[in-house]
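These notes are meant for a colleague opening this entry for the first time. Please read them with the sequence and the structure side by side.

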Amino acid sequence: MLTISVTVTKEKEVYSVTGNEELGSFPLYSQEEVDHSIQKANQAQKKWAKTEVYKRADILHDWADRLAAKKEQIGEMISKEVGKNRSSAVKEVVRTADLIRYTAEEGCRIHGDMLRGDSFRGGSSKKMAMVEREPLGVVLAISPFNYPVNLAASKIAPALMAGNAVVFKPASQGALSGQLMIEALLETELHHDTVQCITGKGSEIGDFLVTHPQVSMITFTGSTATGQSISKKANMIPVVLELGGKDPAIVLDDADLDLAADQIVSGAFSYSGQRCTAIKRVLVDEKVADKLSEKIAQKVDGLTVGNPEDDAVVTPLIDPNAADFVQGLIDDALQNGAELVTGNKREGNLIYPTLLDHVLPHMKVAWEEPFGPVLPIIRVQDEADLVSIANESDYGLQASVFTANVQKAMDIGAKLNVGSVQYNAKTERGPDHFPFLGAKNSGLGSQGIRRSIESMTRDKLFVLNM
Ligand SMILES: NC(=O)C1=CN([C@@H]2O[C@H](COP(=O)(O)OP(=O)(O)OC[C@H]3O[C@@H](n4cnc5c(N)ncnc54)[C@H](OP(=O)(O)O)[C@@H]3O)[C@@H](O)[C@H]2O)C=CC1
Ligand SMILES: O=C(O)[C@H](O)COP(=O)(O)O
(Lines give C-alpha, C1' and ligand atoms only; values in the text may rest on other atoms or scores of the structure.)
(Ligands and ions follow the chains in the order given, each with its own letter.)
Protein backbone atom coordinates (compact mmCIF):
# COMPACT_ATOMS: atom_id res chain seq x y z
CA MET A 1 0.00 0.00 0.00
CA LEU A 2 1.39 3.40 -0.99
CA THR A 3 1.02 6.37 1.30
CA ILE A 4 2.28 9.69 0.04
CA SER A 5 3.63 11.31 3.17
CA VAL A 6 3.78 15.06 3.53
CA THR A 7 2.68 17.09 6.52
CA VAL A 8 -0.91 17.72 5.58
CA THR A 9 -3.89 17.04 7.69
CA LYS A 10 -6.34 15.24 5.40
CA GLU A 11 -5.87 12.10 3.31
CA LYS A 12 -7.90 10.48 0.55
CA GLU A 13 -7.88 6.73 -0.01
CA VAL A 14 -7.55 5.31 -3.50
CA TYR A 15 -9.20 2.00 -4.44
CA SER A 16 -8.57 -0.22 -7.44
CA VAL A 17 -11.00 0.12 -10.35
CA THR A 18 -11.83 -3.58 -10.08
CA GLY A 19 -11.86 -5.46 -6.80
CA ASN A 20 -12.16 -2.38 -4.60
CA GLU A 21 -8.70 -3.05 -3.16
CA GLU A 22 -7.33 -0.15 -1.11
CA LEU A 23 -4.16 0.86 -2.96
CA GLY A 24 -3.05 3.70 -0.76
CA SER A 25 -3.85 7.31 -0.08
CA PHE A 26 -2.80 10.80 -1.05
CA PRO A 27 -2.85 14.08 0.86
CA LEU A 28 -5.59 16.61 0.27
CA TYR A 29 -3.63 19.84 0.15
CA SER A 30 -5.12 22.96 1.67
CA GLN A 31 -4.70 26.31 -0.06
CA GLU A 32 -1.94 27.27 2.40
CA GLU A 33 -0.06 24.08 1.62
CA VAL A 34 -0.48 24.62 -2.12
CA ASP A 35 0.80 28.15 -1.73
CA HIS A 36 3.82 26.99 0.28
CA SER A 37 4.69 24.37 -2.35
CA ILE A 38 4.45 26.86 -5.20
CA GLN A 39 6.70 29.29 -3.32
CA LYS A 40 9.29 26.53 -2.89
CA ALA A 41 9.12 25.65 -6.59
CA ASN A 42 9.52 29.29 -7.50
CA GLN A 43 12.64 29.61 -5.36
CA ALA A 44 14.14 26.37 -6.67
CA GLN A 45 13.55 27.40 -10.29
CA LYS A 46 16.06 30.22 -10.08
CA LYS A 47 18.88 27.78 -9.37
CA TRP A 48 17.59 25.14 -11.77
CA ALA A 49 17.49 27.65 -14.64
CA LYS A 50 21.23 28.20 -14.11
CA THR A 51 21.99 24.47 -14.20
CA GLU A 52 23.85 23.57 -17.39
CA VAL A 53 21.59 22.09 -20.06
CA TYR A 54 23.70 18.92 -20.29
CA LYS A 55 23.32 18.41 -16.54
CA ARG A 56 19.55 18.76 -16.82
CA ALA A 57 19.68 16.17 -19.59
CA ASP A 58 21.76 13.83 -17.39
CA ILE A 59 19.14 14.05 -14.65
CA LEU A 60 16.37 13.27 -17.12
CA HIS A 61 18.28 10.28 -18.47
CA ASP A 62 18.77 9.04 -14.91
CA TRP A 63 15.02 9.47 -14.29
CA ALA A 64 14.22 7.49 -17.45
CA ASP A 65 16.52 4.65 -16.40
CA ARG A 66 14.96 4.51 -12.95
CA LEU A 67 11.46 4.46 -14.39
CA ALA A 68 12.34 1.70 -16.81
CA ALA A 69 13.83 -0.33 -13.96
CA LYS A 70 10.53 0.04 -12.05
CA LYS A 71 8.28 -0.69 -15.00
CA GLU A 72 6.67 -3.73 -13.38
CA GLN A 73 5.99 -2.02 -10.05
CA ILE A 74 4.65 1.18 -11.60
CA GLY A 75 2.81 -0.78 -14.30
CA GLU A 76 1.04 -2.79 -11.61
CA MET A 77 -0.09 0.39 -9.87
CA ILE A 78 -1.33 1.94 -13.14
CA SER A 79 -3.16 -1.24 -13.97
CA LYS A 80 -4.99 -1.36 -10.64
CA GLU A 81 -5.52 2.36 -10.20
CA VAL A 82 -6.97 3.15 -13.63
CA GLY A 83 -8.04 -0.32 -14.78
CA LYS A 84 -5.63 -0.58 -17.71
CA ASN A 85 -4.54 -4.06 -18.73
CA ARG A 86 -1.17 -5.10 -17.36
CA SER A 87 0.80 -5.20 -20.59
CA SER A 88 -0.46 -1.75 -21.70
CA ALA A 89 0.29 -0.35 -18.25
CA VAL A 90 3.88 -1.63 -18.36
CA LYS A 91 4.19 -0.32 -21.95
CA GLU A 92 3.07 3.09 -20.70
CA VAL A 93 6.04 3.18 -18.32
CA VAL A 94 8.51 2.08 -21.00
CA ARG A 95 7.08 4.62 -23.47
CA THR A 96 7.45 7.29 -20.81
CA ALA A 97 11.10 6.45 -20.23
CA ASP A 98 11.68 6.72 -23.99
CA LEU A 99 9.84 10.03 -24.10
CA ILE A 100 11.98 11.43 -21.29
CA ARG A 101 15.20 10.30 -23.01
CA TYR A 102 14.15 11.93 -26.28
CA THR A 103 13.20 15.10 -24.38
CA ALA A 104 16.66 15.20 -22.79
CA GLU A 105 18.27 14.88 -26.22
CA GLU A 106 15.94 17.36 -27.92
CA GLY A 107 16.43 19.91 -25.17
CA CYS A 108 20.15 19.91 -25.90
CA ARG A 109 19.42 20.74 -29.53
CA ILE A 110 17.22 23.77 -28.97
CA HIS A 111 19.28 26.86 -29.71
CA GLY A 112 18.43 30.49 -30.21
CA ASP A 113 18.91 32.55 -33.39
CA MET A 114 21.23 35.27 -34.49
CA LEU A 115 19.65 38.06 -36.59
CA ARG A 116 21.48 40.73 -38.60
CA GLY A 117 20.03 44.23 -38.45
CA ASP A 118 20.78 44.97 -42.12
CA SER A 119 18.56 42.22 -43.45
CA PHE A 120 15.65 44.64 -42.83
CA ARG A 121 15.44 47.59 -45.25
CA GLY A 122 17.30 50.58 -43.83
CA GLY A 123 18.78 48.50 -40.97
CA SER A 124 22.41 48.54 -39.97
CA SER A 125 24.99 45.76 -40.04
CA LYS A 126 26.23 47.18 -36.74
CA LYS A 127 23.13 45.90 -35.01
CA MET A 128 22.82 42.20 -34.24
CA ALA A 129 20.29 40.34 -32.13
CA MET A 130 21.00 37.14 -30.25
CA VAL A 131 17.66 35.50 -29.54
CA GLU A 132 17.75 33.03 -26.67
CA ARG A 133 15.03 30.78 -25.26
CA GLU A 134 14.36 31.47 -21.59
CA PRO A 135 12.35 29.34 -19.16
CA LEU A 136 9.01 30.77 -18.07
CA GLY A 137 9.30 30.03 -14.34
CA VAL A 138 6.86 27.65 -12.63
CA VAL A 139 4.89 25.40 -14.98
CA LEU A 140 1.61 23.98 -13.68
CA ALA A 141 1.08 20.51 -15.18
CA ILE A 142 -2.40 19.00 -14.77
CA SER A 143 -2.92 15.49 -16.07
CA PRO A 144 -5.92 13.17 -16.58
CA PHE A 145 -6.56 9.68 -15.23
CA ASN A 146 -6.11 7.68 -18.41
CA TYR A 147 -2.31 7.92 -18.83
CA PRO A 148 -1.35 8.82 -15.26
CA VAL A 149 2.37 8.44 -15.91
CA ASN A 150 2.84 9.20 -19.58
CA LEU A 151 0.65 12.30 -19.88
CA ALA A 152 2.22 13.69 -16.71
CA ALA A 153 5.83 13.08 -17.76
CA SER A 154 5.12 14.47 -21.23
CA LYS A 155 4.61 17.81 -19.46
CA ILE A 156 7.12 17.52 -16.60
CA ALA A 157 10.14 16.44 -18.67
CA PRO A 158 9.99 19.28 -21.24
CA ALA A 159 9.29 21.81 -18.51
CA LEU A 160 12.39 20.71 -16.59
CA MET A 161 14.53 20.46 -19.68
CA ALA A 162 13.64 24.07 -20.50
CA GLY A 163 14.75 25.20 -17.03
CA ASN A 164 11.35 25.56 -15.38
CA ALA A 165 10.21 24.29 -12.00
CA VAL A 166 7.05 22.18 -12.02
CA VAL A 167 3.92 22.03 -9.94
CA PHE A 168 2.30 18.74 -10.85
CA LYS A 169 -1.38 18.10 -10.12
CA PRO A 170 -2.23 14.49 -11.01
CA ALA A 171 -5.78 13.23 -11.50
CA SER A 172 -7.13 11.98 -8.18
CA GLN A 173 -7.63 8.49 -9.65
CA GLY A 174 -4.08 8.16 -10.94
CA ALA A 175 -2.30 10.10 -8.20
CA LEU A 176 -0.55 7.04 -6.76
CA SER A 177 0.88 6.05 -10.14
CA GLY A 178 1.93 9.67 -10.64
CA GLN A 179 3.57 9.69 -7.25
CA LEU A 180 5.63 6.56 -8.03
CA MET A 181 6.86 8.32 -11.16
CA ILE A 182 7.81 11.40 -9.12
CA GLU A 183 9.59 9.22 -6.57
CA ALA A 184 11.81 7.91 -9.36
CA LEU A 185 12.57 11.51 -10.36
CA LEU A 186 13.42 12.51 -6.80
CA GLU A 187 15.93 9.65 -6.60
CA THR A 188 18.04 11.57 -9.13
CA GLU A 189 20.19 14.58 -8.26
CA LEU A 190 17.33 16.99 -8.97
CA HIS A 191 16.79 19.40 -6.07
CA HIS A 192 13.55 18.18 -4.50
CA ASP A 193 11.86 21.58 -4.42
CA THR A 194 12.08 21.83 -8.22
CA VAL A 195 9.11 19.50 -8.66
CA GLN A 196 6.11 19.74 -6.36
CA CYS A 197 3.46 17.05 -6.55
CA ILE A 198 0.23 18.60 -5.31
CA THR A 199 -2.67 16.26 -4.73
CA GLY A 200 -6.29 16.99 -3.99
CA LYS A 201 -9.57 17.28 -5.81
CA GLY A 202 -9.36 19.46 -8.89
CA SER A 203 -12.76 20.92 -8.09
CA GLU A 204 -11.42 22.12 -4.72
CA ILE A 205 -7.84 23.26 -5.35
CA GLY A 206 -7.96 23.75 -9.13
CA ASP A 207 -8.93 27.41 -9.17
CA PHE A 208 -6.36 28.30 -6.54
CA LEU A 209 -3.62 26.56 -8.53
CA VAL A 210 -4.64 28.01 -11.88
CA THR A 211 -4.85 31.60 -10.63
CA HIS A 212 -1.77 31.52 -8.38
CA PRO A 213 0.41 34.55 -9.23
CA GLN A 214 3.61 32.51 -9.23
CA VAL A 215 2.36 30.06 -11.86
CA SER A 216 3.81 31.17 -15.19
CA MET A 217 2.32 28.67 -17.59
CA ILE A 218 -0.36 25.94 -17.55
CA THR A 219 -0.22 22.71 -19.49
CA PHE A 220 -3.42 20.69 -19.13
CA THR A 221 -4.79 17.45 -20.51
CA GLY A 222 -8.34 16.44 -19.67
CA SER A 223 -11.94 17.14 -20.47
CA THR A 224 -13.03 20.04 -22.64
CA ALA A 225 -15.21 21.49 -19.87
CA THR A 226 -12.32 21.69 -17.39
CA GLY A 227 -9.89 22.93 -20.03
CA GLN A 228 -12.21 25.71 -21.14
CA SER A 229 -12.76 26.82 -17.58
CA ILE A 230 -8.99 26.88 -16.95
CA SER A 231 -8.33 28.95 -20.06
CA LYS A 232 -10.88 31.55 -18.93
CA LYS A 233 -9.30 31.86 -15.48
CA ALA A 234 -5.62 31.90 -16.47
CA ASN A 235 -4.46 35.46 -16.08
CA MET A 236 -2.28 36.45 -19.05
CA ILE A 237 -0.13 33.34 -18.91
CA PRO A 238 0.35 30.82 -21.72
CA VAL A 239 -2.00 27.84 -21.64
CA VAL A 240 -1.65 24.61 -23.61
CA LEU A 241 -4.73 22.40 -23.64
CA GLU A 242 -5.23 18.85 -24.89
CA LEU A 243 -8.93 18.09 -24.56
CA GLY A 244 -11.65 15.74 -25.71
CA GLY A 245 -12.24 14.33 -29.16
CA LYS A 246 -14.73 12.65 -31.47
CA ASP A 247 -12.26 11.31 -34.02
CA PRO A 248 -13.93 9.95 -37.16
CA ALA A 249 -12.72 7.07 -39.29
CA ILE A 250 -13.77 8.09 -42.80
CA VAL A 251 -14.02 5.07 -45.09
CA LEU A 252 -14.35 5.56 -48.85
CA ASP A 253 -15.75 2.92 -51.21
CA ASP A 254 -12.30 2.01 -52.58
CA ALA A 255 -10.72 1.42 -49.16
CA ASP A 256 -9.04 -1.81 -48.09
CA LEU A 257 -11.88 -2.85 -45.77
CA ASP A 258 -9.90 -5.50 -43.89
CA LEU A 259 -7.25 -2.94 -43.03
CA ALA A 260 -9.88 -0.36 -42.13
CA ALA A 261 -11.79 -2.76 -39.87
CA ASP A 262 -8.60 -3.85 -38.15
CA GLN A 263 -7.46 -0.29 -37.47
CA ILE A 264 -10.92 0.94 -36.48
CA VAL A 265 -11.41 -1.80 -33.90
CA SER A 266 -8.01 -1.36 -32.34
CA GLY A 267 -8.43 2.45 -32.47
CA ALA A 268 -11.89 2.41 -30.94
CA PHE A 269 -11.69 -0.25 -28.25
CA SER A 270 -8.18 -0.40 -26.81
CA TYR A 271 -8.27 0.55 -23.12
CA SER A 272 -12.06 0.38 -23.50
CA GLY A 273 -12.10 3.55 -25.60
CA GLN A 274 -10.74 5.68 -22.73
CA ARG A 275 -8.30 7.53 -24.98
CA CYS A 276 -8.74 11.02 -26.32
CA THR A 277 -7.52 9.76 -29.69
CA ALA A 278 -9.82 6.74 -29.82
CA ILE A 279 -11.86 6.39 -33.01
CA LYS A 280 -15.26 7.52 -31.80
CA ARG A 281 -17.36 7.32 -34.96
CA VAL A 282 -17.20 5.64 -38.37
CA LEU A 283 -18.37 7.62 -41.39
CA VAL A 284 -18.62 5.17 -44.24
CA ASP A 285 -19.67 5.36 -47.87
CA GLU A 286 -23.07 3.65 -48.05
CA LYS A 287 -21.81 1.39 -50.90
CA VAL A 288 -19.39 -0.49 -48.65
CA ALA A 289 -21.17 -0.01 -45.32
CA ASP A 290 -22.66 -3.54 -45.04
CA LYS A 291 -19.31 -5.18 -45.70
CA LEU A 292 -17.43 -2.89 -43.33
CA SER A 293 -19.99 -3.26 -40.56
CA GLU A 294 -19.74 -7.06 -40.81
CA LYS A 295 -15.93 -7.01 -40.73
CA ILE A 296 -15.86 -4.65 -37.74
CA ALA A 297 -18.43 -6.79 -35.91
CA GLN A 298 -16.36 -9.95 -36.41
CA LYS A 299 -13.33 -8.26 -34.89
CA VAL A 300 -15.30 -6.71 -32.04
CA ASP A 301 -16.64 -10.14 -31.14
CA GLY A 302 -13.04 -11.37 -30.97
CA LEU A 303 -11.99 -8.76 -28.40
CA THR A 304 -11.12 -10.02 -24.95
CA VAL A 305 -13.34 -8.63 -22.21
CA GLY A 306 -12.55 -8.90 -18.52
CA ASN A 307 -10.25 -7.59 -15.84
CA PRO A 308 -6.97 -5.69 -16.25
CA GLU A 309 -5.00 -8.48 -14.58
CA ASP A 310 -6.30 -10.93 -17.23
CA ASP A 311 -4.83 -8.58 -19.84
CA ALA A 312 -8.24 -8.08 -21.46
CA VAL A 313 -8.58 -5.35 -24.09
CA VAL A 314 -11.92 -4.16 -22.76
CA THR A 315 -11.92 -3.69 -19.00
CA PRO A 316 -14.24 -1.94 -16.53
CA LEU A 317 -14.50 1.83 -16.94
CA ILE A 318 -12.91 4.20 -14.47
CA ASP A 319 -16.05 4.69 -12.32
CA PRO A 320 -19.82 4.10 -12.24
CA ASN A 321 -20.57 7.59 -13.62
CA ALA A 322 -18.49 6.85 -16.72
CA ALA A 323 -20.28 3.51 -17.22
CA ASP A 324 -23.71 5.11 -16.70
CA PHE A 325 -22.86 7.80 -19.25
CA VAL A 326 -21.82 5.27 -21.90
CA GLN A 327 -24.89 3.13 -21.20
CA GLY A 328 -27.04 6.26 -21.57
CA LEU A 329 -25.59 6.92 -25.03
CA ILE A 330 -26.28 3.32 -26.09
CA ASP A 331 -29.85 3.44 -24.74
CA ASP A 332 -30.55 6.77 -26.43
CA ALA A 333 -29.31 5.47 -29.80
CA LEU A 334 -31.34 2.27 -29.56
CA GLN A 335 -34.49 4.12 -28.50
CA ASN A 336 -34.04 6.38 -31.52
CA GLY A 337 -33.74 3.55 -34.02
CA ALA A 338 -30.04 2.64 -34.24
CA GLU A 339 -29.29 -1.00 -34.96
CA LEU A 340 -27.41 -2.96 -32.31
CA VAL A 341 -24.82 -5.05 -34.16
CA THR A 342 -23.12 -6.46 -31.09
CA GLY A 343 -22.63 -5.68 -27.39
CA ASN A 344 -24.90 -3.71 -25.07
CA LYS A 345 -24.14 -5.94 -22.13
CA ARG A 346 -23.09 -4.53 -18.78
CA GLU A 347 -21.64 -5.99 -15.57
CA GLY A 348 -21.06 -3.20 -13.08
CA ASN A 349 -18.64 -0.75 -14.70
CA LEU A 350 -17.73 -3.25 -17.42
CA ILE A 351 -19.47 -2.34 -20.68
CA TYR A 352 -19.01 -4.97 -23.37
CA PRO A 353 -17.73 -3.58 -26.67
CA THR A 354 -20.77 -2.25 -28.45
CA LEU A 355 -21.20 -1.61 -32.16
CA LEU A 356 -24.16 0.47 -33.35
CA ASP A 357 -25.06 0.76 -37.04
CA HIS A 358 -27.42 3.12 -38.90
CA VAL A 359 -26.69 5.85 -36.38
CA LEU A 360 -28.33 9.13 -37.40
CA PRO A 361 -27.52 12.76 -36.58
CA HIS A 362 -30.30 13.16 -34.01
CA MET A 363 -28.71 10.52 -31.76
CA LYS A 364 -26.40 11.69 -28.98
CA VAL A 365 -23.81 9.02 -29.74
CA ALA A 366 -23.23 10.64 -33.14
CA TRP A 367 -21.74 13.72 -31.45
CA GLU A 368 -20.85 13.10 -27.82
CA GLU A 369 -17.53 11.70 -26.65
CA PRO A 370 -18.31 8.44 -24.83
CA PHE A 371 -14.80 7.74 -23.42
CA GLY A 372 -15.96 4.15 -23.40
CA PRO A 373 -16.33 1.09 -25.65
CA VAL A 374 -19.17 2.11 -27.96
CA LEU A 375 -18.71 2.77 -31.66
CA PRO A 376 -21.39 4.31 -33.91
CA ILE A 377 -21.43 3.68 -37.65
CA ILE A 378 -22.94 6.51 -39.67
CA ARG A 379 -23.70 5.65 -43.28
CA VAL A 380 -23.16 8.46 -45.75
CA GLN A 381 -24.39 8.63 -49.35
CA ASP A 382 -22.44 11.50 -50.74
CA GLU A 383 -18.65 11.83 -50.45
CA ALA A 384 -19.00 15.55 -49.68
CA ASP A 385 -21.13 14.65 -46.67
CA LEU A 386 -18.27 12.61 -45.22
CA VAL A 387 -16.32 15.82 -44.78
CA SER A 388 -19.22 18.00 -43.67
CA ILE A 389 -20.42 15.51 -41.02
CA ALA A 390 -16.84 15.07 -39.81
CA ASN A 391 -16.45 18.85 -39.51
CA GLU A 392 -19.84 19.40 -37.87
CA SER A 393 -18.44 18.10 -34.59
CA ASP A 394 -17.42 20.59 -31.90
CA TYR A 395 -14.22 18.56 -31.57
CA GLY A 396 -11.26 18.53 -33.93
CA LEU A 397 -8.53 16.30 -32.53
CA GLN A 398 -7.67 13.81 -35.30
CA ALA A 399 -9.33 11.96 -38.19
CA SER A 400 -8.51 8.84 -40.18
CA VAL A 401 -9.16 8.55 -43.90
CA PHE A 402 -9.22 5.09 -45.49
CA THR A 403 -8.92 5.02 -49.29
CA ALA A 404 -6.65 3.64 -52.00
CA ASN A 405 -6.69 6.97 -53.82
CA VAL A 406 -3.88 9.21 -52.61
CA GLN A 407 -5.24 12.30 -54.35
CA LYS A 408 -8.67 11.88 -52.73
CA ALA A 409 -7.05 11.22 -49.37
CA MET A 410 -5.09 14.45 -49.60
CA ASP A 411 -8.12 16.45 -50.80
CA ILE A 412 -10.28 15.20 -47.94
CA GLY A 413 -7.48 15.64 -45.41
CA ALA A 414 -7.04 19.27 -46.44
CA LYS A 415 -10.73 19.96 -45.77
CA LEU A 416 -10.86 18.38 -42.30
CA ASN A 417 -10.75 20.82 -39.41
CA VAL A 418 -8.59 18.69 -37.09
CA GLY A 419 -5.09 18.69 -35.63
CA SER A 420 -3.88 15.58 -37.50
CA VAL A 421 -5.12 13.40 -40.32
CA GLN A 422 -4.03 9.76 -40.44
CA TYR A 423 -4.15 8.01 -43.79
CA ASN A 424 -5.08 4.33 -43.78
CA ALA A 425 -4.40 3.96 -40.07
CA LYS A 426 -6.10 4.61 -36.76
CA THR A 427 -5.92 7.92 -34.95
CA GLU A 428 -3.24 8.03 -32.28
CA ARG A 429 -0.86 10.41 -30.53
CA GLY A 430 2.46 8.64 -30.98
CA PRO A 431 5.24 8.59 -31.89
CA ASP A 432 5.71 11.11 -29.13
CA HIS A 433 8.04 13.45 -30.99
CA PHE A 434 5.31 14.27 -33.53
CA PRO A 435 3.39 17.49 -32.80
CA PHE A 436 0.12 16.69 -31.04
CA LEU A 437 -2.73 19.16 -31.04
CA GLY A 438 -6.45 19.62 -31.32
CA ALA A 439 -8.50 22.14 -33.29
CA LYS A 440 -11.81 23.65 -32.08
CA ASN A 441 -12.87 22.27 -28.66
CA SER A 442 -10.10 19.66 -28.73
CA GLY A 443 -7.31 21.94 -27.67
CA LEU A 444 -5.15 25.00 -27.72
CA GLY A 445 -1.47 25.12 -28.61
CA SER A 446 0.61 22.11 -29.47
CA GLN A 447 2.41 19.34 -27.60
CA GLY A 448 4.88 16.72 -28.83
CA ILE A 449 8.39 16.85 -27.43
CA ARG A 450 9.90 19.78 -29.33
CA ARG A 451 6.66 21.79 -29.36
CA SER A 452 6.23 21.21 -25.62
CA ILE A 453 9.71 22.50 -24.83
CA GLU A 454 9.12 25.54 -27.04
CA SER A 455 5.77 26.25 -25.37
CA MET A 456 7.54 26.36 -22.01
CA THR A 457 10.09 28.97 -23.03
CA ARG A 458 9.98 32.52 -24.32
CA ASP A 459 12.30 34.53 -26.54
CA LYS A 460 14.79 36.90 -24.97
CA LEU A 461 16.81 39.24 -27.16
CA PHE A 462 20.29 40.58 -26.53
CA VAL A 463 20.89 43.29 -29.12
CA LEU A 464 24.52 44.14 -29.88
CA ASN A 465 25.08 47.69 -31.15
CA MET A 466 28.64 47.78 -32.36
N1 LIG B 1 -6.55 15.53 -26.00
C2 LIG B 1 -5.87 14.80 -25.14
O3 LIG B 1 -4.64 14.68 -25.22
C4 LIG B 1 -6.55 14.06 -24.04
C5 LIG B 1 -7.82 14.38 -23.62
N6 LIG B 1 -8.40 13.71 -22.59
C7 LIG B 1 -9.76 14.04 -22.23
O8 LIG B 1 -9.90 14.02 -20.81
C9 LIG B 1 -11.16 13.51 -20.42
C10 LIG B 1 -10.99 12.39 -19.43
O11 LIG B 1 -10.04 12.70 -18.46
P12 LIG B 1 -10.47 13.18 -17.00
O13 LIG B 1 -9.32 12.89 -16.09
O14 LIG B 1 -11.79 12.61 -16.66
O15 LIG B 1 -10.62 14.76 -17.22
P16 LIG B 1 -10.95 15.90 -16.14
O17 LIG B 1 -11.07 17.15 -16.90
O18 LIG B 1 -12.06 15.49 -15.27
O19 LIG B 1 -9.67 15.94 -15.20
C20 LIG B 1 -8.39 16.23 -15.70
C21 LIG B 1 -7.55 16.84 -14.60
O22 LIG B 1 -8.08 18.13 -14.25
C23 LIG B 1 -8.26 18.19 -12.84
N24 LIG B 1 -9.32 19.14 -12.55
C25 LIG B 1 -10.63 18.90 -12.34
N26 LIG B 1 -11.28 20.07 -12.11
C27 LIG B 1 -10.35 21.06 -12.17
C28 LIG B 1 -10.39 22.47 -12.03
N29 LIG B 1 -11.53 23.13 -11.79
N30 LIG B 1 -9.25 23.17 -12.17
C31 LIG B 1 -8.09 22.54 -12.43
N32 LIG B 1 -7.98 21.20 -12.57
C33 LIG B 1 -9.10 20.47 -12.45
C34 LIG B 1 -8.55 16.76 -12.45
O35 LIG B 1 -8.38 16.55 -11.07
P36 LIG B 1 -9.30 15.49 -10.27
O37 LIG B 1 -8.98 14.16 -10.84
O38 LIG B 1 -8.87 15.67 -8.87
O39 LIG B 1 -10.72 15.89 -10.52
C40 LIG B 1 -7.52 16.04 -13.31
O41 LIG B 1 -6.25 16.15 -12.74
C42 LIG B 1 -11.82 13.10 -21.72
O43 LIG B 1 -12.68 14.12 -22.17
C44 LIG B 1 -10.67 12.99 -22.70
O45 LIG B 1 -11.01 13.15 -24.04
C46 LIG B 1 -7.77 12.71 -21.94
C47 LIG B 1 -6.52 12.36 -22.32
C48 LIG B 1 -5.84 12.98 -23.43
O1 LIG C 1 -4.76 10.62 -23.43
C2 LIG C 1 -4.89 10.09 -24.48
O3 LIG C 1 -5.91 9.53 -24.76
C4 LIG C 1 -3.65 10.07 -25.28
O5 LIG C 1 -3.13 11.32 -25.48
C6 LIG C 1 -3.78 9.23 -26.47
O7 LIG C 1 -2.55 8.67 -26.66
P8 LIG C 1 -2.43 7.40 -27.61
O9 LIG C 1 -3.03 7.77 -28.91
O10 LIG C 1 -0.97 7.19 -27.71
O11 LIG C 1 -3.16 6.30 -26.94
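This is a predicted model: local features need pLDDT of at least 70, side-chain atom pairs count only at pLDDT 80 or more; totals for chains, interfaces and linings use all residues.

1. On the side of domain 1 that touches domain 2, the elements giving two or more residues are helix H3 (71-82), helix H4 (86-108) and helix H5 (150-161).

2. As for the division itself, domain 1 is made up of 2-243 together with 442-465, while domain 2 covers 247-431. Their contact draws 21 residues from domain 1 and 20 residues from domain 2, and the centres of the two domains, taken over C-alpha atoms, are 31 Å apart.

3. Between domain 1 and domain 2 an area of about 1700 Å² is buried, with carbon and sulfur atoms giving 53% of it. Of the area that domain 1 buries against domain 2, Thr18, Phe145 and Ser442 supply 30%, which is more than any other three residues do.

4. Ligand 1 is surrounded by 28 residues, of which the closest are Ser143, Ser172, Ser223, Leu243 and Glu369. Polar side-chain atoms approach oxygen atoms of ligand 1 from Lys169, at 3.0 Å, and from Thr226, at 2.9 Å, whereas Gly222 places a polar backbone atom 3.1 Å from an oxygen atom of the ligand.

Technical notes. Residues are numbered from 1 along each chain as its sequence is written. Chains are lettered from A and ligands numbered from 1 in the order in which they are written. Side-chain values use heavy atoms; hydrogens and water are left out. Domain bounds come from an automatic or database domain assignment. Contact means heavy atoms within 4.5 Å. Buried area is the accessible area (1.4 Å probe) that two parts lose on being put together, summed over both. Helices (H or I, at least four residues) and strands (E, at least two) are DSSP runs, numbered from the N terminus. A residue is near a molecule or strand if one of its heavy atoms lies within 4 Å of it. A polar contact is a pair of N or O atoms within 3.5 Å; within protein, one must be able to donate a hydrogen and the other to accept it, and residues adjacent in sequence count only if both atoms are side-chain atoms.
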